[in-house]
Amino acid sequence: MPNNKQVDLAVLFNDRNKLIKILNKKPALECILVSVSFLDNCLISLLEQNLNQPKIKNDLLAGPLQGFSNKTKLCFCLSLIDPTAFSDLQIIGKIRNHFAHSHLLLSFDDTKIIQQCNNLKSCDLELPKGALKNLYNEKSKIARQRFVLSVIHIMHEIMANYYVTKLVDTTKKQ
């Protein structure tokens, strides 16, 4: 069952370096599961910040918005994430499901995972075109780095949107 208890974004912000170490050093399964959990918590914080009516918000987060995909869709509908982040979050969710529901241990060597990572676009915003191919000669290493860079980019986008929204709310109250 998904965790919909809000983790304060300040805690997530402070933990981002720990996440980056996991993304770069831990086995693929840990990398995938922890990154999606981290992004899920970021989405919860963003929704908590932007949804009014505490009872309804809690009902939504405990029910229809339990799933990662539904949180992603709502954030996109509310213009809290851009189309690239939305598309990549959908792909990252599919990658997570592929890992979580496989009867065998998967890695970034899996053809389906490589294909999905090649469809991630957020990482292209971080590096010049073709940079990963120049750095790595193995498809699995390129796939992992595309995944890692996309997660980091989306995490920073969500955090920035959270703080901008909070700043706008503070300004309105003054």
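1. Helices here are DSSP runs of H or I with at least four residues, strands are runs of E with at least two, and both are numbered from the N terminus. By that rule Leu 149 is found in helix α8 (residues 139-173).

2. This is a predicted model, in which local features need pLDDT of at least 70, side-chain atom pairs count only at pLDDT 80 or more, and totals for chains, interfaces and linings use all residues. Residues are numbered from 1 along each chain as its sequence is written, and side-chain values use heavy atoms, with hydrogens and water left out.

3. The protein chain has 8 helices and 0 strands, in the order α-α-α-α-α-α-α-α along the sequence. Of its 174 residues, 41% are buried (buried is under 20% relative accessible area, exposed over 50%, partly exposed in between, with a 1.4 Å probe and protein chains only). The accessible surface is about 9900 Å², and carbon and sulfur atoms hold 56% of that; the areas come from the Shrake-Rupley method with a 1.4 Å probe, and for residues only the protein chains shown count as cover.

4. Contact means heavy atoms within 4.5 Å. Among contacts in the protein chain with a separation of 6 or more, 73% join residues 24 or more positions apart. Leu 149 and Cys 123 are 26 residues apart in sequence, with their C-alpha atoms 4.9 Å apart in space. Leu 149 is buried, at a relative accessible area of 18%.

5. Helix α2 (residues 28-50) has 23 residues and should span 33 Å at 1.5 Å a residue; its end C-alpha atoms are 33 Å apart, which agrees. The expected span is 1.5 Å times one less than the number of residues. In α2, 17 of the 23 residues are buried, so the helix is mostly covered.

6. The axes of helix α4 (residues 68-77) and helix α5 (residues 83-100) come within 10 Å and cross at roughly 175°. Axes are lines fitted to C-alpha atoms, for helices over the stretch in contact, and angles between N-to-C directions run from 0 to 180 degrees. α4 and α5 are therefore roughly antiparallel (over 145 degrees). Phe 68, Ser 69, Thr 72, Lys 73 and Phe 76 in α4 meet Pro 83, Phe 86, Leu 89, Gln 90 and Gly 93 in α5. The residues of this contact divide into 5 nonpolar, 4 polar and 1 charged; Ala, Val, Leu, Ile, Met, Phe, Trp, Tyr, Cys and Pro count as nonpolar, Asp, Glu, Lys and Arg as charged, and the others, Gly among them, as polar.

7. Ser 79 lies in the loop between α4 and α5. Its phi is near 60°, a positive value in a residue other than glycine. Ser 79 counts as exposed, at 63% relative accessibility.

Conventions: Angles under 35 degrees count as roughly parallel, over 145 as roughly antiparallel, 65 to 115 as roughly perpendicular and the rest as oblique.
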